[in-house]
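Here are a few exercises to work through with the model on screen. Try each task before you read its solution.

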Amino acid sequence: MAELRVVLAEDHYLVREGTRRLLEASGEIGVVAAVGTADELLDAARRLRPDVVVTDIRMPGSADLVRAGMEGIDAAHRIRSASRDIGVVVLSQFADALFALDLFRDGTEGRAYLLKDRVGDIDELLGAIRSVAVGGSVIDPKVVEGLLARRGVRDSPPPAELTPRELDVLREMAHGLSNGGIARTLHLSISAIEKHVNSIFMKLALENSPDTHRRVAAVIAYLGPR
């Protein structure tokens, strides 16, 4: 596997250097720049054209980037708008789903939202980096749990357009399970799960587009604000 080129943005020096060393020690990542402000991040992304940007959600930045403590998300949007080849991983201390939904507001491709404690789980962080590098999407499991709790999914009636079984499948998709994992959990065949998943995509009007990771989009469409 070719080494992935990463720009790392974190305003706390010790956290930034510790994360850089963890990533480089994996043998999969080359950190081509480690910066401390949102403006430096945008400049490094423009000049160096990395495969992936890993950024803290809150960083110092110029006035036009400072928005309710979401400089990292704003920078991520600008980077993705300028270059669709650069994946972005936003690290956040906030499990509030609204922050994650803000990151995914313009699409899901090449974006990941992880809580900062995932930095200690290098395999999970590396998995998110690898995923966004090829256009995938990742939402932290704790954020998904927050979405489920906030929407009262387990207790509220299913939306009219989804059957009870499709709702079961969507719940498991929200937990990040593959079709095989959902099949084992619900004691159904993989082919049955595939039919339910395709039906969910159709009912939620999620087209098979390179701009959209439909499993993440389905979770956001159902669990996000209405």
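**Exercise 1.** Work out in which sense strands β3 and β4 pair, and over how many bridges.

Solution. Start by finding β3 at residues 52-56 and β4 at residues 87-92. Strands here are DSSP E runs of at least two residues, helices are H or I runs of at least four, and both are numbered from the N terminus. Two strands count as paired if DSSP finds at least two bridges between them. β3 and β4 have five, in the parallel sense. Now look across from Asp-56: Leu-91 in β4 stands opposite.

This is a predicted model, where local features need pLDDT of at least 70 and side-chain atom pairs count only at 80 or more, while totals for chains, interfaces and linings use all residues. Residues are numbered from 1 along each chain as its sequence is written, and side-chain values use heavy atoms, leaving out hydrogens and water.

**Exercise 2.** Find the order of the strands in the open sheet, and say which stand at the edges.

Solution. First trace the six strands: β2-β1-β3-β4-β5-β6, with parallel pairing. Next check the ends: β2 (29-35) and β6 (137-139) each have a single partner strand, so one side of each lacks a neighbour in the sheet.

**Exercise 3.** Decide whether Arg-215 is buried, partly exposed or exposed.

Solution. Go to helix α10 (residues 214-223), where Arg-215 is found. Then apply the cut-offs: buried is under 20% relative accessible area, exposed is over 50%, and partly exposed is in between (1.4 Å probe, protein chains only). Arg-215 has 23% relative accessibility, so it's partly exposed.
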